[in-house]
Amino acid sequence: MLTAAVSFGSDGIVSGTQRVVFTPDLATGQIYFRLWAAGPKPRAAGGSIVVSKAVVNGRARTMERPSPTVLRIPLVGKTPAGTAVTIDLTWRMKLPTGIND
(Lines give C-alpha, C1' and ligand atoms only; values in the text may rest on other atoms or scores of the structure.)
Protein backbone atom coordinates (compact mmCIF):
# COMPACT_ATOMS: atom_id res chain seq x y z
CA MET A 1 0.00 0.00 0.00
CA LEU A 2 1.26 3.50 -0.83
CA THR A 3 -0.14 6.85 0.24
CA ALA A 4 1.44 10.22 -0.55
CA ALA A 5 1.01 13.95 0.04
CA VAL A 6 2.72 16.12 -2.56
CA SER A 7 3.10 19.87 -3.11
CA PHE A 8 4.36 21.46 -6.32
CA GLY A 9 6.28 24.73 -6.34
CA SER A 10 6.54 27.12 -9.28
CA ASP A 11 10.34 26.71 -9.11
CA GLY A 12 10.23 23.06 -10.22
CA ILE A 13 10.53 21.75 -6.68
CA VAL A 14 8.20 18.98 -5.58
CA SER A 15 8.13 18.06 -1.92
CA GLY A 16 6.17 15.45 -0.12
CA THR A 17 5.73 12.59 2.26
CA GLN A 18 4.78 9.07 1.53
CA ARG A 19 3.80 6.04 3.53
CA VAL A 20 4.57 2.57 2.26
CA VAL A 21 3.29 -0.53 3.99
CA PHE A 22 5.33 -3.53 2.87
CA THR A 23 4.90 -7.16 3.88
CA PRO A 24 8.00 -9.18 3.02
CA ASP A 25 7.69 -12.79 1.95
CA LEU A 26 11.13 -13.53 3.45
CA ALA A 27 12.68 -12.29 6.70
CA THR A 28 14.59 -9.07 6.05
CA GLY A 29 16.77 -6.59 7.90
CA GLN A 30 16.65 -3.81 5.31
CA ILE A 31 14.39 -2.05 2.83
CA TYR A 32 15.53 -0.60 -0.51
CA PHE A 33 13.91 2.16 -2.56
CA ARG A 34 14.80 3.11 -6.12
CA LEU A 35 15.10 6.86 -6.62
CA TRP A 36 14.68 7.17 -10.39
CA ALA A 37 14.48 10.96 -10.16
CA ALA A 38 18.25 10.76 -9.54
CA GLY A 39 18.87 8.53 -12.57
CA PRO A 40 21.41 9.50 -15.25
CA LYS A 41 18.99 11.22 -17.66
CA PRO A 42 17.03 13.24 -15.05
CA ARG A 43 20.25 14.13 -13.22
CA ALA A 44 21.86 15.38 -16.46
CA ALA A 45 18.81 17.64 -16.95
CA GLY A 46 19.03 19.14 -13.45
CA GLY A 47 16.83 16.64 -11.63
CA SER A 48 17.53 15.41 -8.13
CA ILE A 49 15.85 13.92 -5.10
CA VAL A 50 16.75 14.13 -1.41
CA VAL A 51 15.09 11.95 1.19
CA SER A 52 15.48 13.85 4.45
CA LYS A 53 13.69 11.54 6.87
CA ALA A 54 12.81 7.87 7.17
CA VAL A 55 10.63 6.47 9.93
CA VAL A 56 10.07 2.71 10.17
CA ASN A 57 7.29 1.44 12.41
CA GLY A 58 7.34 4.76 14.28
CA ARG A 59 11.13 4.89 14.80
CA ALA A 60 13.47 7.27 12.96
CA ARG A 61 16.08 5.37 10.96
CA THR A 62 19.41 6.31 9.44
CA MET A 63 19.47 5.99 5.65
CA GLU A 64 22.28 5.08 3.29
CA ARG A 65 22.66 6.11 -0.34
CA PRO A 66 25.03 3.50 -1.85
CA SER A 67 24.42 4.97 -5.31
CA PRO A 68 22.45 7.96 -6.68
CA THR A 69 19.34 5.85 -7.39
CA VAL A 70 19.39 3.58 -4.32
CA LEU A 71 18.15 4.36 -0.82
CA ARG A 72 18.82 1.68 1.81
CA ILE A 73 17.06 1.75 5.16
CA PRO A 74 18.28 -0.74 7.77
CA LEU A 75 15.54 -2.12 10.01
CA VAL A 76 15.74 -2.75 13.74
CA GLY A 77 16.65 -6.42 13.74
CA LYS A 78 15.11 -8.85 11.27
CA THR A 79 11.47 -8.47 10.31
CA PRO A 80 9.88 -11.92 9.99
CA ALA A 81 8.21 -12.98 6.76
CA GLY A 82 4.55 -11.99 6.69
CA THR A 83 4.99 -9.08 9.15
CA ALA A 84 3.98 -5.68 7.77
CA VAL A 85 6.54 -2.87 7.88
CA THR A 86 5.35 0.77 7.70
CA ILE A 87 7.85 3.20 6.18
CA ASP A 88 7.24 6.97 6.21
CA LEU A 89 9.53 9.07 3.98
CA THR A 90 9.93 12.84 3.68
CA TRP A 91 11.48 13.98 0.41
CA ARG A 92 12.20 16.90 -1.90
CA MET A 93 12.66 16.56 -5.64
CA LYS A 94 13.90 19.00 -8.29
CA LEU A 95 12.16 18.27 -11.59
CA PRO A 96 14.44 17.92 -14.61
CA THR A 97 13.86 20.19 -17.59
CA GLY A 98 13.97 19.49 -21.29
CA ILE A 99 13.57 15.70 -21.19
CA ASN A 100 10.72 13.23 -21.38
CA ASP A 101 11.97 10.31 -19.32
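Biologist: Which residues does Trp91 touch, not counting residues up to four places away in sequence?

Modeller: In this predicted model, Trp91 touches Val6, Val14, Ser15, Gly16, Thr17, Gln18, Ile49, Val50 and Val51, where contact means heavy atoms within 4.5 Å. Residues are numbered from 1 along each chain as its sequence is written, and side-chain values use heavy atoms, with hydrogens and water left out. As the model is a prediction, local features need pLDDT of at least 70 and side-chain atom pairs count only at pLDDT 80 or more, whereas totals for chains, interfaces and linings use all residues.

Biologist: How do you know how many helices and strands there are in the chain?

Modeller: The elements are DSSP runs, numbered from the N terminus, with helices taken as H or I over at least four residues and strands as E over at least two. Counted in this way, the chain has one helix and eight strands, and their order along the sequence is β-β-β-α-β-β-β-β-β.

Biologist: Why is Ile49 counted as buried?

Modeller: Ile49, which lies in strand β4, has a relative accessibility of 13%, and since buried means under 20% relative accessible area, exposed over 50% and partly exposed in between (1.4 Å probe, protein chains only), Ile49 is called buried. Beyond its sequence neighbours up to four places away, Ile49 touches Leu35, Ala37, Ala38, Arg65, Trp91, Arg92 and Met93.

Biologist: Why does Val50 count as partly exposed?

Modeller: Val50, also placed in strand β4, has 49% relative accessibility, a value that falls between the two cut-offs, and therefore it counts as partly exposed. Leaving aside neighbours within four places in sequence, Val50 is in contact with Arg65, Thr90, Trp91 and Arg92. From Val50 to Thr69, 19 residues apart in sequence, the C-alpha separation is 11 Å.

Biologist: What makes a set of residues the largest nonpolar core, and which have the most contacts inside it?

Modeller: A nonpolar core is a set of buried Ala, Val, Leu, Ile, Met, Phe, Trp, Tyr and Cys residues joined through side-chain atoms within 4.5 Å. The largest such set has 19 residues, and those with the most contacts inside it are Phe33, Ile49, Leu71, Ile73, Ile87, Leu89 and Trp91. Two or more residues come from each of β2 (13-22), β3, β4 (48-56), β7 (70-79) and β8 (85-94), and β8 gives the most, with five residues.

Biologist: How do you know that the side chain of Arg61 reaches the backbone oxygen of Pro74?

Modeller: The two are 2.9 Å apart, and a polar contact is a pair of N or O atoms within 3.5 Å, one able to donate a hydrogen and the other to accept it within protein, where residues adjacent in sequence count only if both atoms are side-chain atoms. Arg61 and Pro74 are 13 residues apart along the chain, with their C-alpha atoms separated by 7.2 Å. Arg61 is in strand β5 (residues 59-61) and, with a relative accessible area of 24%, it is therefore partly exposed.
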